Structure formats: structure tokens, C-alpha cells
Amino acid sequence: MKNKLLKLCKRLNKVAIEEITPILQATRGEICPVLEELVIEGRLNLREDGVYFYKEKQTKKQELPLFFEFRTKEELDLIIRCFCADLPCTKTAQILDLSNGIIEKFNQFFRKQIYENQFAELSNLYFLQPQTPRIRKFFDIPVYFYFYDNRTFVSGEALKTNLTPKTLAKSEDLKFRKTYLKLTRRINHHSMISFLSYYIAEEIWRIDKDFEELYENINRLH
């Protein structure tokens with residue numbers, strides 16, 4: 001009843017109870033509580049004369065860091081393209097005639113988004129099926145890896161559960177090891193230590209993806 005009523009209000013935009021009772025083949029007593037619930041949830045607005053208006057649900061737009069505001073649309077697009085092309089910070093700074101510090105802020109923001117996006121997905125998968133992590137060290141810092149649906153996920157700390165976590169099958173472990181070997185070739189600079197999990201998430205994100213796929217993906221993230 002609730003979803004059906006909401007869809008009807010959306011299609012008609014504004015409704016009165018007398019108009020929708022014959023359409024829904026329901027009584028006023030059945031419809032009124034549902035309408036009141038939708039008003040409380042903010043899905044409908046109620047006018048003084050008893051007319052209900054459909055209210056489009058608005059998603060809260062992510063607030064971007066201040067350094068986004070000082071760049072033109074063309075500059076932002078070029079910064080994203082350079083990041084996806086894996087250009088060094090210094091080269092991107094030269095192309096845009098900006099400081100290395102500004103470009104590093106953008107790159108670190110993208111890495112953070114990549115990490116948090118994959119971590120949110122990992123948390124959902126782990127909740128449904130806890131798994132024993134694969135622990136590997138980079139610069140003597142332990143990093144926790146998980147493997148679901150042929151994909152490697154990373155966490156800066158071990159996830160916790162009250163259930164008994166499962167271990168990886170040999171075939172899964174072999175696939176993870178291949179990814180790990182690729183990471184050891186890429187995570188090799190001490191400047192990465194401060195945000196180690198972000199850098200690792202970025203490199204996992206890049207594996208086996210072409211430029212266009214990376215570009216579309218980073219635009220969806222922010």
C-alpha cells in the first residue's frame with residue numbers, strides 16, 4: 001500500500017483523499033495513516049486544505065574540500081585525467097602551472113575516496129561472511145587484505161566479528177598472491193607510509209583497468 005500510494009502521488013503530483021480512494025480501491029481509514037506516515041518521512045507535503053503534494057527526495061550533495069572551489073571545470077577535469085593516467089605530481093603541476101602541494105591535495109583526496117569506497121563495500125561483505133585476513137607488511141607496517149568475489153580489498157586494521165571467520169580457498173589465495181606481487185612492485189616509496197592504506201587501495205583500484213574505466217570511476221566517486 002505504501003509504495004503504491006507514493007508512486008500514485010508522484011505521478012499525480014498533488015492528490016486529495018477523495019480522489020485516490022477509488023483508484024486504490026481502499027477506504028479513507030486505510031489510506032489516511034499511510035499518508036500521515038509519508039508526511040512524517042518527508043515524502044509528502046500536506047497543505048491546509050487537505051491536499052497532499054509529492055516531495056522529491058533530495059540526496060545530500062557531498063561537500064568538496066575548499067581547494068576544489070578555486071579551480072575551473074577544465075582544470076578539474078585535467079587534474080582528474082592526470083591522476084587516472086598515473087602521472088607524477090610534479091608533471092601534473094607543470095601541465096597546469098600549479099604548485100606540487102595543490103596537486104598532492106587533489107591526489108590524496110582521490111585516494112581517500114577510493115579507499116573509503118572500497119572499505120564500505122568490504123564492510124558489507126565482511127558482515128555477511130567474515131573472513132580471516134591476509135596480513136602483509138609494507139615498510140614493517142601490517143596491512144590487512146580480504147578477498148571476495150575475485151577482488152582484493154584492503155584495511156588499515158583487522159575487521160572484527162563475533163562469528164567464526166572463514167579462510168580462503170587455495171584457488172582464492174593464489175589469485176590474491178598475484179595481486180599482492182603487483183602491489184610489492186608499486187608500493188615502494190617511503191613517502192607512502194603516512195597514508196599507506198590509501199596508496200594500496202589506489203593501486204588495487206588501478207589493476208587491470210584502462211584509462212576510460214578509471215576516469216569514469218573517479219568521476220562517480222566525487
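Modeller: A salt bridge is a side-chain nitrogen of Lys or Arg within 4 Å of a carboxyl oxygen of Asp or Glu. This model is predicted: local features need pLDDT of at least 70, side-chain atom pairs count only at pLDDT 80 or more, and totals for chains, interfaces and linings use all residues. Residues are numbered from 1 along each chain as its sequence is written, and side-chain values use heavy atoms, without hydrogens and water.

Biologist: How many salt bridges does the structure hold?

Modeller: Arg28 and Glu18 make one of them. The structure's total is 15.

Biologist: Which helices do Arg28 and Glu18 tie together?

Modeller: Their side chains meet at 3.0 Å, N to O. The two residues are ten apart in sequence, so the pair ties together separate parts: Glu18 lies in helix H2 (residues 17-24) and Arg28 in helix H3 (residues 28-40). Helices are DSSP runs of H or I, at least four residues; strands are runs of E, at least two.

Biologist: Is Glu18 buried or exposed?

Modeller: Buried means under 20% relative accessible area, exposed over 50%, partly exposed in between (1.4 Å probe, protein chains only). Arg28, at 46%, is partly exposed. Glu18 has 55%, so Glu18 is exposed.

Biologist: How many residues apart are Arg186 and Asp86?

Modeller: Their closest N and O atoms are 2.4 Å apart. Arg186 sits in helix H7 (residues 170-186), while Asp86 is in the loop between helix H4 (73-84) and helix H5 (89-96).

Biologist: Are Arg134 and Asp173 buried or exposed?

Modeller: The two side chains form a salt bridge at 2.8 Å, N to O. Arg134 lies in strand S4 (residues 134-138) and Asp173 in helix H7, so parts 39 residues apart in sequence are tied together. Both Arg134 and Asp173 are buried.

Biologist: Which residues do salt bridges that share partners join into one network?

Modeller: Asp86 and Arg186, already paired at 2.4 Å, belong to this network.

Biologist: Which are the edge strands of the three-stranded sheet?

Modeller: Two strands pair if DSSP finds at least two bridges between them. The sheet is open, antiparallel and ordered S1-S3-S2. Pairing on one side only marks the edge strands: S1 (14-15) and S2 (44-46).

Biologist: What is the bridge partner of Leu44 in S3?

Modeller: S2 and S3 (residues 52-54) run antiparallel, joined by three bridges. Leu44's partner in S3 is Tyr54.
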